[in-house]
Amino acid sequence: MPEPYPERPRHSRHHPPRPSPSLPFPLPPEDRRRSPYTGWTRAHWEAMADGLLHATAPHASPRHGLIALPGARPSSSGPRSDGLEGFARTFLLAALRVAGSNGHDPHAHLARYAEGLAAGTEKPTTARELTPADPDSWPRIDAVRQARVEAASLALGLRLTRPWLWDTLDDGVRARVVDWLLPALGPSPVDNNWWLFGLTVGGFLRAAGIETVRAQAAIDRALTRIEDWYRGDGWYSDGDNRAFDHYNAWAMHFYPVLHAHLGADRTLLATYGARLRAQLDGYTRLFDANGAPLPFGRSLTYRFAATAAPWLGALTGHTPLTPGATRRLASGTLRHFLDRGAVTEDGLLPLGWYGPYAPMLQSYSGPASPYWAAKGFVGLLLPAGHPAWTDPEAPLPAETADAAHPLGPTGLLLQSTASDGLVRLHNHGSNSTRAAPDPCYDRFAYSTRTGPTTPAAEGPHLPDNHFGLLIDGRPTTRGPATPHAAGPDWASSGHTPRHADGSDLPGLRILSATLAHGRAELRAHLVTGATPGTRVRQTGWATTPDGPTAQLHPVHGYDTPPRRTPTGSTLFGPGTETALLEGRTTPGPGGTLFVALASLTGDPDPAPVHTLATTRLAGHDIHVTWHDGTTARLALPHPPTGDAGREGPGSRR
């Protein structure tokens with residue numbers, strides 16, 4: 001019998017859970033027989049849904065058309081759009097709660113939203129601000145494009161609750177709702193996952209027998225467009241780019257698979273369900289044994305929306321996980337956030353990771369944005385007697401065996417260790433869609449217990465898990481990473497570094513590779529085109545005082561010992577420190593090679609990282625003998641600029 005969550009010492013010693021906040025709603029007693037890891041059951045999920053909904057209700061407008069939640073700032077779309085976001089995203093949560101209970105609605109959630117549907121569509125407006133004279137009206141989709149995003153949540157909620165809500169509305173209200181939704185059937189103004197909002201609106205309208213030709217056209221357009229971005233092995237890019245992140249799970253798979261499931265479309269489900277299963281084979285390995293999802297990419301304030309795809313796999317039968325492992329993953333993630341202050345004493349979800357944390361937010365984030373976490377409650381669509389609710393919890397992939405392998409075509413290298421349940425992700429191919437440096441994408445490594453450092457208001461910024469040249473005393477930034485090659489336990493990429501001001505550095509090129517084994521990482525960088533004598537800097541993991549143990553050791557090319565430097569706060573807390581190494585480039589046409597060993601572990605009293613590997617260099621070939629006798633070889637020929645996928649660094653056992 002496993003030890004109870006969250007007291008399992010081997011997984012929590014280096015990152016203990018915070019005390020549960022004082023919530024304004026009760027939770028049921030734990031069931032350690034059925035759920036030995038988390039103690040949670042379906043009743044806990046129902047209670048959480050009800051509690052979150054009750055907590056947002058006092059912030060509704062007079063006729064419930066908008067829900068304007070408190071926050072430090074509005075989103076870039078303005079307060080009225082934020083109020084619609086509060087209505088739409090909590091409505092989706094209510095819809096999942098009621099549909100999962102086959103229409104049973106003891107708290108009358110749907111009655112409030114029925115009133116809001118009538119009020120919000122009575123006189124849609126182009127105004128962005130809220131006024132006492134018009135506190136309920138929704139922004140028009142053709143005037144505020146964020147309204148298209150919320151239209152998807154509204155349409156999905158209406159589709160889920162159609163017998164108990166839509167069919168009970170009077171004809172006038174239904175006509176107004178349809179008129180408001182119809183612009184969402186047009187081409188997407190943003191060429192990424194936004195196409196799927198039209199699919200979701202079209203799915204509801206077609207199912208309801210409304211504007212079926214236009215609705216089907218929107219569905220077909222969306223599915224055709226995302227086909228251009230399917231890269232294989234279950235992974236999509238989020239547009240014409242190399243952005244691989246949580247949007248794969250809570251958007252690119254979520255909408256097509258749920259659409260196919262709700263429509264009982266076996267043909268679509270055969271395609272999109274199979275892709276979901278393939279993606280989950282890697283994605284479900286990105287959850288820490290302590291429940292944490294990996295903080296990588298944008299929109300991290302959606303928190304436990306990360307569990308939507310694993311639940312959807314169980315709902316449709318397209319999953320590599322057992323039913324008990326699915327619940328253990330999802331309940332562990334929800335508990336992880338709840339136990340660490342992600343729900344305030346008022347029962348609200350603040351903008352942040354645990355508590356509020358402004359540096360991780362995007363301009364489109366508003367006070368109600370965190371309620372996209374409603375998607376994480378899609379498991380409530382599974383009936384109470386489903387094995388995902390009744391089977392005993394089973395361990396996660398991260399706690400059953402060590403792993404080190406690439407994630408399909410993404411350029412991402414997964415590394416996890418069973419002894420501490422910690423997950424690391426080495427980035428050799430996923431990029432932000434922004435031109436500016438983005439700490440949520442441009443680091444070489446991320447983990448489930450560390451967060452990227454962010455620029456402070458004053459003083460220099462030391463980015464964690466970064467390699468750059470020091471030009472005029474400032475480190476270069478990482479340009480877009482192009483995958484070069486990968487193997488069973490390694491991945492490599494090339495990039496052109498940029499000045500700290502964002503300008504290009506023509507002629508410079510860095511080929512980087514990571515080789516992983518157990519908790520050890522071998523980090524190699526080959527610099528070409530730099531003036532001899534140019535200083536370089538390698539940084540390690542940014543850890544909080546109560547976090548895991550980080551180590552960094554020079555192997556080749558560096559001329560300083562590791563030095564720990566204060567790096568401020570991350571989404572895991574204040575007071576982080578990050579180790580750094582420095583060296584300098586040397587003359588020669590083949591470039592300069594820099595090699596270091598790094599480690600991040602939650603195990604107590606870890607051995608020094610240099611004891612985990614013996615290395616021997618022959619030119620740009622690195623021969624490694626790990627502490628357990630396993631051997632590997634990493635070779636770094638420099639690729640042509642922008643050329644990916646050719647024969648490159650290799651690892652042989």
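**View 1. Helix H9 passes helix H10 in a left-handed crossing.** The model shown here and in the other views is predicted. H9 covers residues 247-262, and its axis lies 9 Å from that of H10, at an angle of about 150 degrees. Angles over 145 degrees count as roughly antiparallel, so H9 is roughly antiparallel to H10. On the H9 side, the contact is made by Asn-248, Ala-249, His-253, Pro-256, Val-257, His-259, Ala-260 and His-261. H10 contributes Leu-268, Leu-269, Tyr-272, Gly-273, Arg-275, Leu-276, Gln-279 and Tyr-283. Sorted by class, the residues of this contact are nine nonpolar, six polar and one charged.

**View 2. Helix H10 packs with helix H11 at an angle of about 135 degrees.** H10 spans residues 266-283 and H11 spans residues 308-316, and their axes are 10 Å apart. The angle makes H10 oblique to H11. The crossing of H10 past H11 is left-handed. From H10, Leu-269, Leu-276, Leu-280 and Tyr-283 take part in the contact. Their partners on H11 are Ala-309, Pro-310, Leu-312, Gly-313 and Thr-316. Seven residues of the contact are nonpolar and two are polar, with no charged residue. Leu-269, Leu-276 and Tyr-283 of H10 are also listed in the contact with H9.

**View 3. The largest pocket holds about 830 Å³ of space.** Its lining consists of 35 residues. Nearest the centre of the pocket are Thr-454, Pro-455, His-461, Leu-462 and Pro-463. Two strands, E8 (474-475) and E15 (563-570), each supply at least two residues of the lining. E15 gives the most, with five residues. The lining of this pocket divides into 15 nonpolar, 13 polar and seven charged residues.

**View 4. The second largest pocket holds about 490 Å³ of space.** A set of 24 residues lines this pocket. Those nearest its centre are Arg-145, Gln-146, Trp-194, Arg-298 and Tyr-364. By class, ten residues of the lining are nonpolar, nine are polar and five are charged.

Conventions: Residues numbered from 1 in each chain as written. Predicted model: local features only at pLDDT ≥ 70, side-chain atom pairs only at ≥ 80, totals over all residues. Heavy atoms only, no water. 1 Å grid on protein atoms, 1.4 Å probe; cavity = no way out; pocket = protein on both sides within 12 Å on 5 of 7 lines; lining within 4 Å. Points joined across faces, edges and corners; volume = space filled by probe spheres on them. Helix = DSSP H or I, 4+ residues; strand = E, 2+ residues; numbered from the N terminus. Nonpolar A, V, L, I, M, F, W, Y, C, P; charged D, E, K, R; others polar. Axes fitted to C-alpha atoms, helices over the stretch in contact; angles between N-to-C directions. Parallel < 35°, antiparallel > 145°, perpendicular 65-115°, else oblique. Left-handed = near helix turned anticlockwise from the far one by under 90°. Contact = heavy atoms within 4.5 Å.
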